2 protein chains.
Amino acid sequence: MSELRQNLATKEWVIIASERARRPHEYAEPGRPMCDEGPTWEASCPFCPGNEERDLEVARFPREGPWQVRIVGNRYPALTPAAPLEREYMGLMRRISGVGYHEVIVESPVHNTCAALESAENVMRVFQAFVERAWVVQSDPRIEYVLFFKNHGRQAGASLRHPHAQMMALPMVPSEVRVRADAARTYFDESGQCAYCAMLEQELATGQRVVLESKHFVVFVPYAAASPFHLWIVPRAHAASFFHSAPDVLADLGSVVRTVLRKLYVGLNNPDFNYVIRSAPVRDVGAPYLHWYLSIVPRISLVAGFEMGSGIYINPSLPEECARFLHGIEIAGSEKAAPHETA
Amino acid sequence: MSELRQNLATKEWVIIASERARRPHEYAEPGRPMCDEGPTWEASCPFCPGNEERDLEVARFPREGPWQVRIVGNRYPALTPAAPLEREYMGLMRRISGVGYHEVIVESPVHNTCAALESAENVMRVFQAFVERAWVVQSDPRIEYVLFFKNHGRQAGASLRHPHAQMMALPMVPSEVRVRADAARTYFDESGQCAYCAMLEQELATGQRVVLESKHFVVFVPYAAASPFHLWIVPRAHAASFFHSAPDVLADLGSVVRTVLRKLYVGLNNPDFNYVIRSAPVRDVGAPYLHWYLSIVPRISLVAGFEMGSGIYINPSLPEECARFLHGIEIAGSEKAAPHETA
């Protein structure tokens with residue numbers, strides 16, 4: 001029988017629809033294109049070395065020599081720092097001018113790769129770049145919230161194949177972020193404990209949904225997972241802001257994210273996915289009730305009218321089964337990284 | 001320049017990204033299949049007359065003679081009334097057994113049609129069926145929220161082509177519904193007025209985003225529209241619950257929805273869309289701050305990591321331009337309805 005599950009840290013409900021359930025391996029769509037197919041370099045790709053749009057570049061790592069990670073402004077930015085900050089109320093309508101930063105983080109000079117095929121160190125470099133850039137944009141007093149996210153594959157909204165993530169820095173805190181923070185604060189006020197710290201304890205105690213543990217992180221399929229193979233990567237130590245992560249935490253994150261994405265890549269034939277880093281608003285980094293994490297959502301089921309009208313996702317898989325499946329996929333830690341020489 | 005817009009009745013933000021804007025007519029994808037292509041009857045369609053799954057039928061209209069609208073249980077229901085209601089808390093995890101109703105409203109005996117091609121009267125019959133069925137499931141004391149919605153086309157999540165809507169009756173009020181209600185209640189407490197009534201006044205005063213007016217309804221593109229051609233159909237008279245609509249209101253709704261869907265059908269070549277009816281929770285029908293409406297969302301842009309991480313939609317069109325475009329599409333009131341004779 002189906003059941004409704006709620007995550008009390010976020011208040012979000014899902015329906016675990018076992019009537020429709022498929023076994024985890026049935027989600028591996030045969031014949032999907034893998035990341036290493038095709039050429040290492042594309043003449044028409046704006047992210048490949050030699051094609052760099054210099055006018056849009058905001059940072060490159062390392063600063064000298066050939067770059068490994070590069071940050072560029074979006075060619076068609078949804079927000080721009082050039083705009084003056086203006087606010088206006090007109091009855092029930094409120095507007096803010098489109099002030100902010102909309103940037104692309106090119107994760108590798110290699111066209112046909114992805115985090116699942118890279119070394120842990122290369123994946124770490126991407127997160128280091130996120131943090132470095134976040135500190136710069138947060139120093140703009142107009143910025144209230146910084147979001148890093150990745151769209152992998154067409155169904156997840158990626159229009160370019162070259163591996164890249166995105167950053168959006170906003171002049172306000174999104175309502176959804178406020179609603180989640182309110183839920184976590186209520187839990188803190190009632191229990192004196194961070195809801196995410198409590199959740200980690202629970203997940204580690206039962207172990208049913210844990211996919212991976214490292215020195216600094218626990219990876220699990222949330223109890224109220226929104227979709228098959230939905231994953232949370234949560235730091236063990238209480239920390240509201242991703243952007244305050246110490247170097248060894250970022251190194252561990254690189255290794256963990258690379259392993260988890262490789263499990264998805266191998267186990268489900270390179271599924272399309274999104275990830276988002278849910279970190280505290282710029283001015284709330286000291287909040288004892290906020291705890292950052294990285295959420296990965298494979299794009300396996302389609303959002304339709306029911307989700308739109310209720311905010312409730314129908315998950316046709318059992319989180320516990322998905323966790324067991326991913327846990328069982330062996331990923332050697334020593335795999336050869338994709339080479340970073342470019343054409 | 002882009003701008004951020006917030007609807008203070010729902011607190012939802014969107015980015016109106018004019019840098020990426022296309023003109024309204026550019027959203028009409030050429031060569032899309034239209035609803036009246038193909039046969040009027042399909043041997044393999046479970047909704048076509050003669051193929052009815054009798055065991056799943058819960059209602060038909062009219063009760064005697066050939067049916068015009070038929071309600072059946074979902075073959076793979078996400079929720080079922082057969083389950084006993086059980087609630088459980090385990091720390092941060094909360095579950096409710098999968099109690100509820102998940103039903104399909106077959107809108108016509110004709111396979112190759114859709115509301116845009118039907119008579120206003122036939123569309124009204126579908127809404128009458130919604131209301132009749134809602135009263136039955138609301139009499140089950142376990143039901144707290146009833147949602148009617150429609151997925152039209154594959155990108156909107158429809159797997160069967162025969163025109164149909166769905167109903168989901170839930171044993172709790174979704175958090176998202178509560179969050180919206182809280183926003184509306186705050187507005188009411190501060191102003192003494194229903195936020196939606198106030199919004200209607202504003203929209204009618206400026207007229208910039210109004211697509212259509214009828215005796216009982218105003219149709220407009222919301223100021224903070226989540227996507228191109230997003231539409232709200234709002235009753236002029238304050239009413240928390242759709243299910244309490246009088247017969248003449250339902251007749252007008254049938255006519256308005258049919259005209260609006262036909263404008264989309266003609267103007268944008270039968271776009272995929274979802275609609276949802278946002279009505280009050282079962283026990284809140286007397287709330288002075290709730291106001292039901294029907295929201296139509298064409299599935300033109302893809303939801304990706306940014307929307308997932310922030311809850312903010314990026315709308316690459318100007319609501320005012322979309323409204324002007326739809327307003328300008330002439331739909332004769334007297335068009336011939338698709339015939340209801342079946343094979």
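1. The buried residues of helix 1 of chain A pack against strand 3 (57–61), strand 4 (69–73), strand 7 (101–106), strand 8 (145–152), strand 9 (164–170) and helix 4 (247–267) of chain A. Helices (H or I, at least four residues) and strands (E, at least two) are DSSP runs, numbered from the N terminus. Contact requires two C-beta atoms, placed from the backbone, to lie within 7 Å.

2. This is a predicted model, in which local features need pLDDT of at least 70, side-chain atom pairs count only at pLDDT 80 or more, and totals for chains, interfaces and linings use all residues. Residues are numbered from 1 along each chain as its sequence is written, while chains are lettered from A and ligands numbered from 1 in the order in which they are written.

3. Which residues of helix 1 of chain A are buried? Among them are Ala120(A), Val123(A), Met124(A), Phe127(A) and Phe130(A). A residue is buried if 20 or more other C-beta atoms lie within 10 Å of its own, exposed if 12 or fewer, and partly exposed in between; the C-beta atoms are placed from the backbone.

4. Helix 1 of chain A crosses helix 4 of chain A at roughly 125°, and their axes come within 7 Å. Axes are lines fitted to C-alpha atoms, for helices over the stretch in contact, with angles from 0 to 180 degrees between N-to-C directions. The two helices are therefore oblique to each other (under 35 degrees is roughly parallel, over 145 roughly antiparallel, 65 to 115 roughly perpendicular and the rest oblique). Residues making the contact include Val123(A) and Phe127(A) of helix 1 of chain A, and Leu250(A) and Leu253(A) of helix 4 of chain A.

5. Turning to chain B, 10 strands form an open sheet in the order 3-4-7-9-8-13-14-12-11-10, with antiparallel pairing. Its edge strands, strand 3 (57–61) and strand 10 (210–213) of chain B, each pair on one side only. Pairing means that DSSP finds at least two bridges between two strands. From one strand to the next, the twist averages 15°.

6. Strand 8 (residues 145–152) and strand 13 (residues 273–278) of chain B run antiparallel and are joined by 5 bridges. In one of these pairings, His152(B) has Phe273(B) as its bridge partner.

7. Finally, Phe217(B) sits in strand 11 of chain B. Why is Phe217(B) counted as buried? Because Phe217(B) has 23 C-beta neighbours inside 10 Å. Its contacts, leaving out residues up to four places away in sequence, include Ile233(B), Asp252(B) and Val256(B).
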